Amino acid sequence: MTNVTLAANTGWLILALFSAIWIALGAYLGRRAVGLEGYMLAGRKVGLALGTATAMATWVTSNTTMAAPQLALQMGVWGMLGYSLGSVGLILFAPLAKRIHALMPAGYTSGDFIRLRYGKTTWRVFLVISLFYGLGWLVSMGMAGGVLVNALTGIDYRIGMSVILAVCVIYTVLGGLRAVIGTDFLQTLIILVGVVILAWLAISEVGFERMHASLLEQRPELLNLLMPAAIMFLFNNLLFGVGEIFHSNVWWSRAFAFRKGVGFRAYLTAGLLWLPIPVVAGFVALTVPSLGINVPSADMVGPLIAAKLLGTGGAILVFIVVFAALASSLDSLLAATSDLILTDIYKGHLRPQATDEELARAARWVVLGLGVVAWLLCLPRLTTLAELLYFTGAFVASTIWPIAAGLYWRKVNPTGATLAMLAGTVIGLSAYFLIGFYVAALVSAAVSMAILLISTWLRPADFNWDTLSNHREKQA
Amino acid sequence: MTISVTALALLVGSATVITAIAPILLIIFWIRDWLKKRLW
C-alpha cells in the first residue's frame, strides 16, 4: 500500500522552514502598517497583482486541494465541475466590489454597510450570521490544519494545529492585512505550481486513454454526466459560494483595501483563474483505477496519488501546498473576523467613543484573542464541528439578496432585509433537516429573495445613497 | 450519458494550461505594479 506519511523530522523541517518564512515576511511587510487603515486595510492602496492573488489564495482553502480529489472520486466529473463553480461567487462579487468602493470609499467592514443601509436591527441579525460563519470557518480550518498535519506527517493533532494557528496569528498580529495579502501572493504561487506539477505528472504517467478505459471498466458512474446527486451538489455549491463571498467581511475588507479601479478587475481575474483549479486538483482522483491504488479514506486520495506518482517528493509537495492553502485562508479569516469584532462589536456596541489610535492598538489584541478562542475550540478535535459548516449554507445564502439588492436598489426596506435573513435561515435550516444538505442554500436564497421582493413591493423605501459616503468612518 | 475521452482530455488539459499560466500572469502583474509603484 502507498505510504503518504512523511517522517516526522521531515514534517517538522518543512513546518519550521515555512513558518519562519511567513512570520519573517509578515513582520517585514507589517513595518508600514501604520494607523488603523494601515493595519486593517493595508492603507487602501492594494494593487492588481496582490489583489488578484489574495482573492485566489483565500478562496483556495485546504478543502480545495484535499476535497476536490475526494469529490471527483465520489461524484466524478460533475463533482470537480461543481466545486469549480465556487468561482462564480468571486466573479459576481467583482461588480459589487466596484460598487462598494464607490459608495463607501471610507468604509471598514461589511457590518458598516448593513448598519448604514438598513439600521441597527438588521445589522445585529447580520452580525450573528457573519460571526457564526466566520468563527465556524476559522475553527474548521484550524482543525483541518491539525488533522492534515497529523495525516501527512504523523505529528500529533494538537501540536500540528497549534503550530499552524500560532504561525498565522503571529504574522497577522505583526502585520495586519498587509502581512495577510503579502504572504497570500507567495502562497498562491506555491499552490498553483504544486497542483500543476501533480496534474502534469498524472497526465504523463497515466494518460487520458488509459484513465478513461479504466474508469469505464471499474467506476463508470464517475464519467456519467447525468448523475443526479452531483448535479444537485453543483447548484447548491454555487449558491453557497455566492452567499459566503457576498456577506463575508473577508471579501468586503479587500474591496475597501484595494486601490480605486482595482476591485472589479482583481475579483474578476481571480474568479476566472480560480475556475479551473478544482478540476486540476480534482481530476487526479480519476487515475485511482488505472494506478490500482487502494483508497481506505476518500479524503486522503490526493496525498495517496501524489505519493504514488512522486514517492516522498509527492508527500512533501502535498504538505507544502496544503500548508500554504491553510495559512492563506486562516490569516484572512483571522484578520477579517477580528475587524468585525473590533469595528462592529467593540466600537459599535461597547466603546462608541473609541478613537482610531485606540482601535489600532486594540486591533492586535483582538486578533490575538480570536486566535486563542479558535485554538481552544480546536483543541477537543470535535469532528462534528466541521459538519456545522454545512448548516452555514442556510445562514449565508439568506444574506445574498439583502446585500446585492441593498447595494443597487434604493427601494429595499430594512424590515424586508431583516425578515429575508431570518426567514431564509430558518426555512433553509428546515430544508436541511427535512430534505437534505444539498437544498439548504437553495431554499434559503429562494425564501430570502421572495420576502425581499414582496416587502419592497408592499413598502418601498427611498434610501439616500449619500448616507453611505457621508457617514463618519473617520470620525475618531 | 458518458463523457468521451476527448472531452475529458479537453476539459482537464485546458484547465491545467490555464492554471499553469496563472502564476506567470500574477508575476507579470506584480512586475507591472512594482514598476508603476502601485504594488501597495
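Residues are numbered from 1 along each chain as its sequence is written, while chains are lettered from A and ligands numbered from 1 in the order in which they are written. Because the model is predicted, local features need pLDDT of at least 70 and side-chain atom pairs count only at pLDDT 80 or more, whereas totals for chains, interfaces and linings use all residues.

The predictor assigns the complex an ipTM of 0.95 and a pTM of 0.91.

Chain B contains one helix and zero strands. Helices (H or I, at least four residues) and strands (E, at least two) are DSSP runs, numbered from the N terminus. The C-alpha trace of chain B spans about 55 × 15 × 10 Å along its principal axes. Of the 40 residues in chain B, 28% are buried. A residue is buried if 20 or more other C-beta atoms lie within 10 Å of its own, exposed if 12 or fewer, and partly exposed in between, with C-beta atoms placed from the backbone.

The interface joins 34 residues of chain A to 22 residues of chain B by contact. Two residues are in contact if their C-beta atoms, placed from the backbone, lie within 7 Å. On the side of chain A that touches chain B, at least two residues each come from helix 3 (48–59), helix 9 (157–206), helix 10 (208–218) and helix 14 (277–283). Helix 9 of chain A gives the most, with eight residues. By class, this side of chain A has 25 nonpolar, six polar and three charged residues. Ala, Val, Leu, Ile, Met, Phe, Trp, Tyr, Cys and Pro count as nonpolar, Asp, Glu, Lys and Arg as charged, and the others, Gly among them, as polar.

One packing pair spans the two chains. Helix 10 of chain A packs on helix 1 (residues 5–35) of chain B at an angle of about 125°, with the axes 10 Å apart. Axes are lines fitted to C-alpha atoms, for helices over the stretch in contact, and angles run from 0 to 180 degrees between N-to-C directions. Helix 10 of chain A and helix 1 of chain B are therefore oblique to each other. Angles under 35 degrees count as roughly parallel, over 145 as roughly antiparallel, 65 to 115 as roughly perpendicular and the rest as oblique. The crossing of helix 10 of chain A with helix 1 of chain B is right-handed. A crossing is left-handed if the near helix is turned anticlockwise from the far one by less than a right angle, and right-handed if clockwise. A:Phe208, A:Glu209 and A:His212 meet B:Val5, B:Leu8 and B:Ala9.

Helix 8 of chain A contributes residues including A:Gly142, A:Gly145 and A:Gly146, and helix 9 of chain A residues including A:Tyr157, A:Arg158 and A:Gly160. The contact divides into seven nonpolar, five polar and one charged.

Helix 9 and helix 18 (residues 356–378) of chain A pack at about 170°, with their axes 9 Å apart. The two helices are therefore roughly antiparallel. The contact has ten nonpolar, four polar and one charged residues.

A:Ala42 is buried, with 31 other C-beta atoms within 10 Å. A:Arg44 is found in the loop between helix 2 and helix 3 of chain A, with phi near 60°. A:Arg44 counts as partly exposed, with 18 C-beta neighbours inside 10 Å.

A:Tyr83 lies in helix 5 (residues 77–84) of chain A and counts as buried, with 26 C-beta neighbours inside 10 Å. Not counting residues up to four places away in sequence, A:Tyr83 touches A:Ala68, A:Leu71, A:Asn237, A:Pro278 and A:Gly282.
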